[in-house]
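Trainee: Could you take me slowly through how the strands are arranged in this structure? I would like a close look at the sheet and at how its strands pair.

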Amino acid sequence: MSKHGISLKNIELSFGSVKVIKNVSIEINHGEFFSFLGPSGCGKSTLLRLIAGFEHCQKGQILIDGKDITHLPPWKRKVGMVFQSYALWPHMTIRQNIEFGLKEQKMPQKEINYKVDKVLELVSLKEFASRYPNQLSGGQQQRVALARTVVTEPKVLLLDEPLSNLDASLRVEMRQELLSLQRELNLTTIFVTHDQEEANTTSDRIALLKGGIVQQIDTPNNLYDTPNNLFVANFIGSANILKGNVIKENNTSKILISDTFKIPVKTDILGDCSILLRPHTLEVSTKDDCHLEGKITNKEFLGNMVRYFVKVLDNELIIDSIHFKSSALLDIGESIYIKTNEDENYILKNE
Ligand code: ADP
Ligand code: MG
């Protein structure tokens with residue numbers, strides 16, 4: 001695959017007898033903003049620490065720009081890592097914090113000053129250079145941590161939940177800053193997060209992990225639209241999933257839900273399956289033009305849309321209905337007919 005970037009090849013890692021990374025292979029392109037996404041404990045940080053050289057795998061190979069770095073110590077990997085806790089030196093000014101790594105490399109002071117000035121400009125902290133970390137806001141400290149890493153000109157930037165210590169609105173702002181910094185430097189970046197919105201809004205591609213196993217590597221929209229399995233379907237976005245049996249009648253496929261309802265689908269799969277119905281693709285309809293029937297058990301008015309919770313057989317489905325001033329809301333307790341969208345319906349094998 002791509003020579004420039006990061007290759008993880010068949011990585012396995014155990015802590016004692018517990019295998020936490022299971023045969024992971026990922027190819028990350030040069031300049032890509034790539035995320036490791038998944039629930040807590042799925043192995044995201046461990047994978048990142050493996051690339052940084054803080055952990056060592058029992059099996060597999062890691063390449064950066066085509067060079068095997070599997071057995072190199074961290075300081076020889078040309079990798080920059082930013083931690084969740086920014087780990088700034090409290091007794092050093094911002095400038096001293098940022099230049100620390102360059103001084104360690106015994107770089108001439110003139111060159112250090114030039115590089116630090118440039119990076120201070122890049123993260124808009126020029127006027128804060130002589131302050132101490134505790135005189136900065138959380139977002140500014142985060143930028144110092146980033147500056148301190150990128151000033152060393154790593155080949156790869158590794159970010160482990162770098163925004164999780166910030167409050168919600170700052171997180172949204174910082175993720176865009178992070179992305180524009182990454183684009184400006186054209187720096188191959190791996191971003192670890194458990195927050196799918198953070199991953200979706202920044203990433204070129206995402207690897208979704210569960211229990212140390214890669215479930216799918218794809219663009220944010222492909223993960224949402226064409227999930228590989230039920231875990232991915234459930235993890236990304238809101239999902240209505242109904243179990244059923246797919247049959248073919250007169251060349252068209254349908255899924256039978258508990259003998260009661262038939263939903264038309266476009267698929268080559270037959271037999272025991274599940275159907276994924278995204279909430280915004282369901283429509284309230286009429287008796288002669290419906291695929292499902294149910295009863296509204298709850299509703300949430302969200303301004304641009306109304307989210308209805310609807311009991312269908314033993315399932316609770318979500319219907320997200322776009323709201324207009326002119327449209328009346330449905331009532332809790334009301335029985336409704338539901339139409340699905342054949343082009344949007346997605347069939348998945350049961351596991
Ligand atoms: P994530 O970052 O996705 O939340 P981690 O990579 O931190 O997950 O952890 C993956 C699994 O490995 C977890 O079950 C965790 O408890 C375990 N683990 C992580 N570090 C160690 C360690 N040093 N020793 C033993 N188990 C560990
Ligand atoms: Mg982690």
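Mentor: What follows goes through the open sheet and then a separate set of paired strands. Keep in mind that this is a predicted model.

Start with the open sheet. Five strands form it, and read across they come in the order β13-β12-β11-β14-β20. The pairing is antiparallel. Strands of a sheet pair through backbone hydrogen bonds, either parallel or antiparallel. At the edges lie β13, residues 261-265, and β20, residues 346-349. Each of these edge strands pairs on one side only. From one strand to the next, the twist averages 45 degrees.

Now look inside that order, at β11 and β14. Strand β11 covers residues 240-249 and strand β14 covers residues 271-277. The two run antiparallel and are joined by seven bridges.

Next, turn to β1, β4 and β5. Strand β1, residues 5-15, runs antiparallel to strand β4, residues 59-64, and five bridges join them. Here Ile-6 has Ile-64 of β4 standing opposite. Strand β4 also pairs with strand β5, residues 67-68, again in the antiparallel sense, over two bridges. In this pairing, Leu-63 stands opposite Asp-68 of β5. The hairpin of β4 and β5 has two residues between the strands. In that hairpin, Asp-65 takes a positive phi near 50 degrees.

Methods
Residues numbered from 1 in each chain as written. Chains lettered and ligands numbered in written order. Predicted model: local features only at pLDDT ≥ 70, side-chain atom pairs only at ≥ 80, totals over all residues. Heavy atoms only, no water. Pairing = 2+ DSSP bridges. Helix = DSSP H or I, 4+ residues; strand = E, 2+ residues; numbered from the N terminus. Axes fitted to C-alpha atoms, helices over the stretch in contact; angles between N-to-C directions.
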